[in-house]
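The following note sets out points for the reader to consider alongside the model.

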Amino acid sequence: MAATRYDLPDVDAFTRPYWDAAADGRLLIRRCGACGKAHHYPREFCPFCWSEDVVWEPASGRATLYTWSVVHRNDLPPFGERVPYTAAVVDLDEGPRMMTEVVDCPEAELRIGMPLQVAFRAADEGPAVAVFAPADEGAGPA
Ligand SMILES: [Zn+2]
């Protein structure tokens, strides 16, 4: 019997568009039609003004690193096989702050405010999960 995994998100009818987009390598956020603010994680109403006039919107995938913690020990499967990994909080260009993981970056090169670009880690089971890698500086649109 396979060990219980703690990294697979629950997908329901409300969040299915998010996970479908993730499978295509696109990050979706939610934006409020009443106050104009974007938020993440996805909620059915705006967390700023409580309006239910909230729609999905493709995010640019650009973000900056707000803070991080390198995890050296986690006994919950499958994280034990992944340590060390960089748990992080990033600021999306659209405004929302997002809990994620930074990949492809040695710990010594992590910097607050460093530019990041979304990537998606395909799972052998369950939906793809958004992670962030260092952006190629100067490569993207200004
Ligand atoms: Zn709002």
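1. Strands β1 and β3 run antiparallel and are joined by 5 bridges; strands here are DSSP E runs of at least two residues, helices H or I runs of at least four, numbered from the N terminus. Strands count as paired if DSSP finds at least two bridges between them. R30 stands opposite W56 in β3.

2. The order β2-β1-β3 describes an open sheet of 3 strands with antiparallel pairing. Because β2 and β3 (54-58) each have a single partner strand, they stand at the edges, and one side of each lacks a neighbour in the sheet.

3. This is a predicted model, in which local features need pLDDT of at least 70 and side-chain atom pairs count only at pLDDT 80 or more, whereas totals for chains, interfaces and linings use all residues. Residues are numbered from 1 along each chain as its sequence is written. The average pLDDT (the predictor's confidence in each residue, from 0 to 100) is 91 for the chain, and 94% of the residues score at least 70.

4. V103 lies in the loop between β6 (97-102) and β7 (115-121). V103 counts as partly exposed because it has 15 C-beta neighbours inside 10 Å; the cut-offs are 20 or more other C-beta atoms within 10 Å for buried and 12 or fewer for exposed, with partly exposed in between, C-beta atoms being placed from the backbone. Not counting residues up to four places away in sequence, V103 touches A119, V131 and A133, contact meaning backbone-placed C-beta atoms within 7 Å.

5. V102 touches residues including L65, A88, L116 and F132, not counting residues up to four places away in sequence.

Methods: Contact = placed C-beta atoms within 7 Å.
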